[in-house]
Amino acid sequence: MDRLEDIKKRLRSVNEIRQLTRAMELVSAAKMRKSKIQHDLVGPFFSLCAESMLEVQRHSPDINDPFFRLRKKEKGETWKIGYFVLTGDQGLAGAYNNNVVRITQEHIQSKILDNAEKGLQTEYTLYVFGNVGREKLIRDGYIVDPEFSFPITNPTYYEARSVANIIRRKYLAGEFDLVYLIYTKMESAVKMSPMIVRVVPVNTKALTDILPSDISDAGIAVESGATLDYHPNPNAVFSFLIDTYLNAMLYGALVEAYACEQTARMTAMNNATDNADEMIKNLTQKGNRARQSKITTELIEIINGAEQTAEK
């Protein structure tokens with residue numbers, strides 16, 4: 001049986017850890033609620049922008065825009081892919097960061113194999129938000145841009161616009177043929193799933209899947225069979241919407257990823273606090289047994305001593 005003094009030391013340590021995990025749980029809960037409000041605010045803006053793009057496409061199928069056209073590659077040529085990966089700046093969030101890193105690695109490997117089967121080469125660069133994912137991907141030997149540094153904490157629209165400008169510039173310059181955004185989507189309060197979205201060229205099917213079901217098939221106050229006139233022309237309208245779409249897409253993903261990270265950390269810290277409570281309960285019981293054993297031993301020693309004294 002453990003000594004009573006050792007059990008008391010362990011109890012103090014577990015109590016201190018419990019106070020820390022409980023505090024982190026409360027902080028993450030507050031941050032999660034704040035980021036959820038941000039996410040709910042940006043949702044309608046992005047939905048309207050995406051729906052507008054779909055409407056332009058429906059009414060003007062001959063639009064010629066580089067952000068809407070998938071480039072063609074012949075055998076021996078190279079697909080240049082940019083990955084923008086959203087991980088956390090801190091750990092202690094369960095499997096949150098590992099899941100994002102894992103799906104990133106699997107997608108890269110899948111792309112390399114698929115292109116190799118078609119006789120194509122693959123070049124990729126990772127632009128990673130958050131220190132945890134960046135360090136792990138570098139350790140695992142993946143190509144990470146060392147100069148790209150954006151925090152995931154408290155995301156702002158200005159930061160999202162800066163990243164969207166990088167995507168626009170590199171795509172138009174031919175540095176990217178494809179751009180993927182990898183982040184964690186909150187399916188519900190208890191379910192979060194890492195997902196991959198092709199940002200450019202615009203994937204209209206994925207765009208439809210992202211939109212709420214009651215919006216994706218609807219028109220923007222347009223009667224069935226009506227015609228639309230775009231000023232000055234559909235290409236100009238679509239070009240404007242692309243900029244807004246990229247900004248909103250990045251901002252929405254940043255906000256949702258941050259909310260998921262805080263939710264994952266809150267859940268992990270809640271589980272840690274529950275485990276600490278269980279350990280405290282077990283250690284308290286062990287302490288009580290050790291104390292009773294100690295008292296019993298002392299009583300036996302007293303009785304034995306008294307009997308020896310009486311015999312003398």
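Buried means under 20% relative accessible area, exposed over 50%, and partly exposed in between, with a 1.4 Å probe and protein chains only. The model is predicted, so that local features need pLDDT of at least 70 and side-chain atom pairs count only at pLDDT 80 or more, while totals for chains, interfaces and linings use all residues. Residues are numbered from 1 along each chain as its sequence is written, and side-chain values use heavy atoms, leaving out hydrogens and water.

**Exercise 1.** Classify the ring pair of F84 and Y127, and state whether its members are buried or exposed.

*Solution.* Rings of Phe, Tyr and Trp (its six-membered ring) pair if their centres lie within 6.5 Å, and planes under 30 degrees apart count as stacked, over 60 as edge-to-face and the rest as tilted. A search of the whole structure finds 12 such aromatic pairs. For F84 and Y127, the centres are 4.8 Å apart with 10° between the planes, and the pair is stacked. F84 belongs to strand β1 (residues 78-86) and Y127 to strand β2 (residues 121-129), 43 residues apart, where strands are DSSP runs of E with at least two residues and helices are runs of H or I with at least four, numbered from the N terminus. Both F84 and Y127 are buried.

**Exercise 2.** Classify the ring pair of Y157 and Y251, and assign each residue its accessibility class.

*Solution.* The centres of Y157 and Y251 lie 5.7 Å apart and the planes stand at 75°, so the pair is edge-to-face. Because Y157 lies in helix α4 (residues 157-172) and Y251 in helix α7, the pair ties together parts 94 residues apart in sequence. Y157 has 26% relative accessibility and therefore counts as partly exposed, whereas Y251, at 12%, counts as buried.
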